[in-house]
Amino acid sequence: MNGVMAELAREHPQASFVKLEAEAVPEVSEKYEISSVPTFLFFKNSQKIDRLDGAHAPELTKKVQRHASVGSFPPSGSEHPKEDLNVRLKKLIHAAPCMLFMKGTPQEPRCGFSKQMVEILNKHHIQFSSFDIFSDEEVRQGLKTYSSWPTYPQLYVSGELIGGLDIVKELEASEELDAICPKAPKLEERLKVLTNKASVMLFMKGNKQEAKCGFSKQILEILTGTGVEFETFDILEDEEVRQGLKTFSNWPTYPQLYVKGELVGGLDIVKELKENGELLPTLKGEN
């Protein structure tokens with residue numbers, strides 16, 4: 001999907017394409033109800049006008065083309081580019097606590113310096129979002145002037161320029177890098193947050209709209225029938241969560257149902273609770 005985004009950005013220069021790590025900006029993820037990655041949000045004049053959940057390249061292409069063709073995106077004309085660009089650059093460098101402006105993406109760096117930078121950040125378990133400067137020539141040139149730094153990659157923390165690869169290497173050598181950059185949460189902490197994300201949380205294959213296995217479909221139907229509100233997490237979208245949750249809860253299969261952060265069990269347990277008339281009280285936290 002990174003490649004699709006980069007191609008769409010080249011085809012539609014009038015639109016701005018920005019990539020954020022969902023966990024790096026939890027307040028944004030919560031506001032827009034990001035429950036799986038990738039999720040694509042479409043904005044016009046700071047208002048969300050559309051969204052797409054999941055890695056569906058043809059659908060993403062259709063949505064971008066539709067919104068671009070009806071003029072949903074503001075034109076990139078030259079009426080007041082200087083002020084607008086500076087405002088945009090400020091928003092971009094503040095888009096996440098740690099922002100890396102690089103050539104390519106963390107998954108596919110397109111220059112040796114960017115690749116080394118990503119390797120250092122990953123080695124230190126630093127949580128960062130990135131922006132591919134190849135996807136936007138205006139940002140690529142404008143950021144050099146904005147920050148008085150002529151080369152890439154560029155690393156920012158809390159909106160402040162840290163520097164390029166050489167500076168980051170120096171910070172690593174002096175053992176200052178870990179103190180400056182935000183650390184990615186450990187898997188156990190992340191799972192604790194996820195299992196407590198909603199009062200009733202279902203980890204399943206697929207989502208509320210489309211279950212991707214028979215067991216997940218059955219438990220979804222049972223829960224929907226209770227009328228109790230619940231959230232879902234698609235384990236097929238995140239292999240780390242999929243494997244980690246098995247160990248975290250000592251439960252080897254999916255789906256898994258949690259109430260107030262505590263494991264209730266899988267489909268068989270939920271069926272038993274339903275037959276015994278205990279499911280509704282359990283979901284409400286009364287048992």
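Let's start with what packs against helix α7. The buried residues of α7 pack against α5 (112–123), β5 (154–157), β6 (160–163) and α8 (177–180). Helices here are DSSP runs of H or I, at least four residues, and strands are runs of E, at least two, numbered from the N terminus. Buried means under 20% relative accessible area, exposed means over 50%, and partly exposed is in between, with a 1.4 Å probe and protein chains only.

A word on the source. This is a predicted model, where local features need pLDDT of at least 70, side-chain atom pairs count only at pLDDT 80 or more, and totals for chains, interfaces and linings use all residues. Residues are numbered from 1 along each chain as its sequence is written, and side-chain values use heavy atoms, with hydrogens and water left out.

Back to α7, residues 165–173. Which of its residues are buried? Leu-165, Val-168 and Leu-171. They cover an arc of only 125° around the axis, so they sit on the same side of α7. That arc is taken from the directions from the helix axis to the C-beta atoms. On the other side of α7, Asp-166, Glu-170 and Ala-173 are exposed. After the helix comes Glu-175, with a positive phi near 60°.

Why would residues line up like that? An α-helix has 3.6 residues a turn, so residues three or four places apart point the same way.

Now zoom out. The protein chain has 13 helices and 10 strands. Its C-alpha trace spans about 70 × 50 × 25 Å along the principal axes. Of its 287 residues, 42% count as buried. The domain assignment gives domain 1 (1–68), domain 2 (85–180) and domain 3 (188–284). Those bounds come from an automatic or database assignment. The C-alpha centres of domain 2 and domain 3 lie 38 Å apart.

Next, the core. The largest nonpolar core has 17 residues. By nonpolar core I mean a set of buried Ala, Val, Leu, Ile, Met, Phe, Trp, Tyr and Cys residues joined through side-chain atoms within 4.5 Å. Val-200, Leu-202, Leu-223, Leu-257 and Leu-283 have the most contacts inside it. Two or more residues come from each of β7 (200–204), α10 (214–226), β9 (256–259), α12 (267–275) and α13 (279–283). The largest share, 4 residues, is from α10.

Take Val-200. Leaving aside neighbours within four places in sequence, its contacts (heavy atoms within 4.5 Å) include Val-228, Phe-230, Leu-257 and Leu-283.

What about disulfides? The structure holds 0, a disulfide being a pair of cysteine sulfur atoms within 2.5 Å. Cys-181 is in none, and the nearest cysteine sulfur, that of Cys-98, is 4.5 Å away. Cys-181 is buried, at a relative accessible area of 4%.

Last stop, Phe-134. It lies in the loop between β4 (129–132) and α6 (137–147). Phe-134 is partly exposed, with a relative accessible area of 25%. Beyond neighbours within four places, Phe-134 is in contact with Lys-103, Gly-104, Arg-110 and Arg-140.
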